[in-house]
Amino acid sequence: MRTATATAAAVTTTLLGAGAAAVVIGRHAADAALRPEPGRPLPGGRLSVHSVAEGRITLTRSLASLRPGTYGLVAPGAHAVVGPVVPGADPGPDAVVRRLVSVGHGTLAPGTRVSLTPQVYVGNPRTALGLDHADVDVPGELGALPAWFLPAARDTWVITVHGLGAGREHPMVVMPFLHRHQLPVLDLGYRGDLGAPASPDGLGHLGESEWRDLDAAIRYALRYGARRVILYGWSTGATMALRAFERSPLAHRISGLVLDSPVLDRDATLRGLAAARGVPRVVLPLAVRAAEGLTGLRAAHRPAGADPTVLRVPVLIVHGPDDSLAPWGPSRALAAARPDLVTLHTVAGAGHGAMWNADPAGYEEALRRFLTPLM
């Protein structure tokens, strides 16, 4: 009896130890997934520069380096813009040649480790695009939120909000388009961004708390001359836009939503974030559960967009099947559930948050058709 009791006690201790270790591992993985790194590309897709010539750059061959379109190319102390793959170039089976559009600062030499990012521009709207703007502070519940305001003639403002692994510079890809159509733009930095207050727990919440900063931006816009606003978000910024429409007391002043690569399947995105930061596959379910516990994101909280009946304004979703971080299945389902209000523009070959990058002309034409009746 004593032997059986001792064995049972040992097994219990082992299981408890394993359980405690699993909790620790899960929390570490969740922290890795949700700890914001403002203005830095998401992990993954690291490439090496093989060579640089006039107007061309040769990179490691990978899914990322073969994607169509225009991207930022970043390395410590360096930023460049690369265009499409050069047709007919044959650098060998392990490399790909892309057009080198510009090198903004720093140098790119053979062996430099780089990342492709949908954030094409660096600086601010004036230095990067030649567009006049004002640096403004939006009063938020945690403190002042930095934003860029680009004035224009219309009284419908577009409030842009970036997503995962990006900063206020990402929405600059559409600022020339919006400026040509005389739409004022308020480009918001929110909790966790550089120059903005930190989240109280230091973690990102995939839009579930951050939407209140977007609500503050709506109040700011209405206070300073907007009659209506269009919310335009990428990734978790798109989730913030949906949450603001669902929950804001000012939702009746929102005339439309533009959702680029929206995060509508929270668990899938948590798994993708953890995996991108090196969390082993076997630990990913623990990371999801731990993340929900750390941030209060429980299954009882319905994901943004889960109830299509709450939509009362036109919505443009721009998404595609090659987004490995935010699956596009929920976007398709939302569009199918509300064909009266939701337009889905599909972009093939685009990674997360990079729908404009893969096809700028097609993207802006879909945006023009959507926004024209709302101007």
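## Overall architecture

Of the 375 residues of the protein, 51% count as buried, a term that denotes under 20% relative accessible area, with exposed denoting over 50% and partly exposed the range in between (1.4 Å probe, protein chains only). The structure is a predicted model, in which local features need pLDDT of at least 70 and side-chain atom pairs count only at pLDDT 80 or more, while totals for chains, interfaces and linings use all residues. Residues are numbered from 1 along each chain as its sequence is written, and side-chain values use heavy atoms, with hydrogens and water left out.

The protein contains ten helices and 14 strands; these are DSSP runs numbered from the N terminus, helices being H or I with at least four residues and strands being E with at least two. Among contacts in the protein with a separation of 6 or more, 76% are accounted for by residues 24 or more positions apart. Contact here means heavy atoms within 4.5 Å.

## Packing of helices α4 and α5

Two packed helices are described by the angle between their axes and the distance between the axes. For helix α4 (residues 211–223) and helix α5 (residues 236–247), the angle is about 70 degrees and the axes are 8 Å apart. The axes are lines fitted to C-alpha atoms, for helices over the stretch in contact, and angles run from 0 to 180 degrees between N-to-C directions. Helices α4 and α5 are therefore roughly perpendicular to each other, given that angles of 65 to 115 degrees count as roughly perpendicular, those under 35 as roughly parallel, those over 145 as roughly antiparallel and the rest as oblique.

The crossing of α4 and α5 is right-handed, which denotes that the near helix is turned clockwise from the far one by less than a right angle, left-handed being the anticlockwise case. Helix α4 contributes Trp211, Leu214 and Ile218 to the contact, and helix α5 contributes Met240, Ala241, Arg243, Ala244 and Arg247. By class, the contact of α4 with α5 comprises six nonpolar, no polar and two charged residues. In this classification Ala, Val, Leu, Ile, Met, Phe, Trp, Tyr, Cys and Pro are nonpolar, Asp, Glu, Lys and Arg are charged, and the others, Gly among them, are polar.

In helix α6 (residues 266–276), the buried residues include Arg266, Ala268, Thr269 and Leu270, together with Gly272, Leu273 and Ala274. Just after α6, Gly278 adopts a positive phi of about 90 degrees.

Gln182 is not a glycine, yet it has a positive phi of about 60 degrees; it is placed in the loop between α3 (175–180) and β10 (185–188) and is partly exposed, with a relative accessible area of 32%. Ser235, likewise not a glycine, has a positive phi of about 60 degrees. Ser235 occupies the loop between β11 (228–234) and α5 and counts as buried at 2% relative accessibility.

Gly320 is found in the loop between β13 (315–319) and α8, and at 0% relative accessibility it is buried. Leaving aside neighbours within four places in sequence, Gly320 is in contact with Trp328, Thr346, Val347 and Met355. The C-alpha atoms of Gly320 and Gly353 are separated by 10.0 Å, and these residues are 33 residues apart along the chain.

Ser331 belongs to helix α8 (residues 329–337) and is buried, with a relative accessible area of 0%. Not counting residues up to four places away in sequence, Ser331 touches Pro262, Leu264, Ile317 and His319.

## Partly exposed strand residues

Arg228 lies in strand β11 and is partly exposed at 27% relative accessibility. Apart from neighbours within four places in sequence, its contacts are Asp155, Thr156, Trp157, Arg253, Ser255 and Met375. Arg228 and Asp155 are 73 residues apart in sequence, with a C-alpha to C-alpha separation of 6.9 Å.

His50 lies in strand β1 (residues 46–53) and is partly exposed, with a relative accessible area of 36%. Not counting residues up to four places away in sequence, His50 touches Thr58, Leu59, Thr60, Asp94, Ala95 and Pro110. His50 and Thr112 are 62 residues apart in sequence and 8.2 Å apart in space, C-alpha to C-alpha.
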